[in-house]
Amino acid sequence: MAHVQQRIPWQTPSSKQSRWSGCHIPSSCPKWHGAVKRQVLKYGFAIIFKVHQASYIKTMKKIPITLFCALMLVFHKPHAMDNTQRKNTVILAGLLTNTFAIANRQHLKACETQWDFGYTAGTDNKLYSDTLRLGFMRCEMDTSNLLPWGIEFSVLPTGLVSVWNTSAGSYGASLYELGFVPIGQFGKAIGPVFVDASFGLGPDLISRTSIGHQRKSTVLQFTDEMGVGISDLKKRLRLSLTYRHISNIDIKLPNNGTNFVGLGLSYRFHN
């Protein structure tokens, strides 16, 4: 009677043994493990995607257009030479703050005339700025049903005039800047002081398109800023630390962005 060789279920045929480098038990073969993992990941992700595809599309449709554009700006790599996470953060923060203000504009109270004068000294490598800021209006929002922990929100339209100076580079030693930035300010009273975080973006004009080592191509620029401040409870005297990014959002190349980090002091005249 012919002898029939019984093969163990997990044992691979001899033609396959060379493929697995002589491994008879697949679970002991590194290559087999790799192949299985790849298949599991491939079909696993495919199943998950199919199951959640409908809900994913519905969720995407609910995202506001402004927020979607903001996220696109964060993940997009513009041609500005200073493409940093800090710059992306200030752009996103400004867009989201504007979105919050516009979406809840029905909660804004009547705006009051309120003069605010300030000075900020900024620096970006070997480029320096002296900036005068003028606020003329304060629009407070009723945030009792919008923000937690008693956080306040105000819109502060702000104009600025700045002089830039540098002793490095061959593109000129100075220029002048004129800008308008609607500022959205979140704040809360903590003990004897009022602490705030402010975000804004707006159009900008510069007197020339090059300074120091930077070339900007257009006199039309856009300024994005974010900062933190501390003031007395009456919000009269305020000390602030501000980051400001200025570029032309790739209207024309080259687009050498400028990033000023500045320390500022301002005084508000109440009615």
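Which residue in β8 is the bridge partner of Gly200? I looked it up and found Glu225.

Ground rules first. I am working on a predicted model, where local features need pLDDT of at least 70, side-chain atom pairs count only at pLDDT 80 or more, and totals for chains, interfaces and linings use all residues. Residues are numbered from 1 along each chain as its sequence is written, and side-chain values use heavy atoms, with hydrogens and water left out.

Entry on β5. I took strands as DSSP runs (E, at least two residues; helices are H or I, at least four), numbered from the N terminus. Two strands count as paired if DSSP finds at least two bridges between them. Strand β5 covers residues 193-206 and pairs antiparallel with β4, residues 174-190, over 11 bridges. Phe186 stands opposite Ala197 in β5. I checked the turn: β4 and β5 form a hairpin with 2 residues between them. Gly191 in that turn has a positive phi of about 65°. Strand β8, residues 220-232, runs antiparallel to β5, and 13 bridges join the two.

Entry on the barrel. I traced a closed barrel of 8 strands in the order β1-β2-β3-β4-β5-β8-β9-β10, with antiparallel pairing. Its neighbouring strands are turned by 25° against each other on average, direction ignored. Axes here are lines fitted to C-alpha atoms, for helices over the stretch in contact, and angles run from 0 to 180 degrees between N-to-C directions.

Entry on the helix. Helix α4, residues 85-103, packs on the sheet. I listed its contacts (heavy atoms within 4.5 Å). Among the strands touched are β2, β3 and β10. The direction of α4 makes about 100° with that of β5.
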